[in-house]
Every structure is written in C-alpha cells, then in structure tokens.
Amino acid sequence: MARGVNCIAPKTIMNLIMLISVLCLCTKSVEVEARASRLPAAEVEALKEIATQVGKKDWNFSIDPCSNDTNWATPESDDWPLYSNTSICNCSYPDGFCHVVSIFLEEQDLAGVVPPSAAKLPYLTRV
C-alpha cells in the first residue's frame, strides 16, 4: 500500500452504506407519518364554514385541527368545568389522513343549531 493514501476497510464502507440506508428509511417514515396526521383540506374548509355559521372566532386554522393543540382540544379546567372546545380526530383510516369524528363546543354562547356544513364532515359521528 502506498504511503499517505488512506484506505477504508470494506466493513467500514458497508457500515456507512447501512447507516445511510437506515437514515433514508427513517426520513421517509417521518414524512409519511407527518402527512398522515393532517386533516384533508375539504374538512378544514367545512370547519371554517361551521365556525362562520355559529359565530366561533377563536379556532386557529394555521394549526392542524388534529394536532391535539389546545386551540383544538381544550384541557379540562376546574375554573370552567362545563366549557368544552374540542375536536376529536381519528387517524387510523387507510386513506392516510385524519378525520374529524367528534366536535364538542359547550358553554360558548354560540348561535343557532348544528350548521348544515357539518354534513361536509363525512366521518363526524358526534356533535
């Protein structure tokens, strides 16, 4: 072997290739998981319509409604025991998306009845 020339052992090369392969697979897995946790745009639009129709102004649509953020899933509080501002999603559907299955909007002085836009949430089972 010539002096000053670095030689990498075949075993080291194989370990590097395996590491790179695992990192690529992990990255793809995270991308799929991130995509799966999103609510379809049509359901986001339906929630916007519902908010408009009942006068709900505090939903933050820059946050995914299925993220379990406190904007969409208000924790229980002793100060306001009857207050509920919660959307519940099911993310186990085979289409790779989450879908709103329940909406709780109690003690918020919202106007009207269940709006017609609720029909645009095909997986909704409880309001």
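**Entry 1: Val100**

I looked up the contacts of Val100 and found that Val100 touches Leu39, Glu43, Leu47, Ile88, Cys89, Leu121, Tyr123 and Leu124, leaving aside residues up to four places away in sequence. I note here that the model is predicted.

**Entry 2: the nonpolar core**

I then turned to the largest nonpolar core, which has 15 residues. Val100 is among the members that touch the most others, together with Leu47, Ile103 and Leu121. I recorded that H2 and strand E2 (99–106) each supply at least two residues of this core. The largest share, five residues, comes from H2. In soluble globular proteins, nonpolar side chains tend to be buried together.

**Entry 3: aromatic pairs**

How many aromatic pairs does a search of the whole structure find? The search finds four. I examined the pair of Phe61 and Trp72: the ring centres lie 5.3 Å apart and the planes stand at 70°, so the pair is edge-to-face, since planes over 60 degrees apart count as such. Phe61 and Trp72 both lie in the loop between helix H2 (41–54) and E1, 11 residues apart.

**Entry 4: Thr86**

Lastly, I looked up Thr86, which is found in strand E1 (residues 84–90). Thr86 has a relative accessible area of 16% and is therefore buried, as the limit is under 20%. Not counting residues up to four places away in sequence, Thr86 touches Trp72, Ala73, Thr74, Ser102, Ile103 and Phe104.

Definitions and conventions. Residues are numbered from 1 along each chain as its sequence is written. This is a predicted model: local features need pLDDT of at least 70, side-chain atom pairs count only at pLDDT 80 or more; totals for chains, interfaces and linings use all residues. Side-chain values use heavy atoms; hydrogens and water are left out. Helices (H or I, at least four residues) and strands (E, at least two) are DSSP runs, numbered from the N terminus. Buried means under 20% relative accessible area, exposed over 50%, partly exposed in between (1.4 Å probe, protein chains only). Contact means heavy atoms within 4.5 Å. Rings of Phe, Tyr and Trp (its six-membered ring) pair if their centres lie within 6.5 Å; planes under 30 degrees apart count as stacked, over 60 as edge-to-face and the rest as tilted. A nonpolar core is a set of buried Ala, Val, Leu, Ile, Met, Phe, Trp, Tyr and Cys residues joined through side-chain atoms within 4.5 Å.
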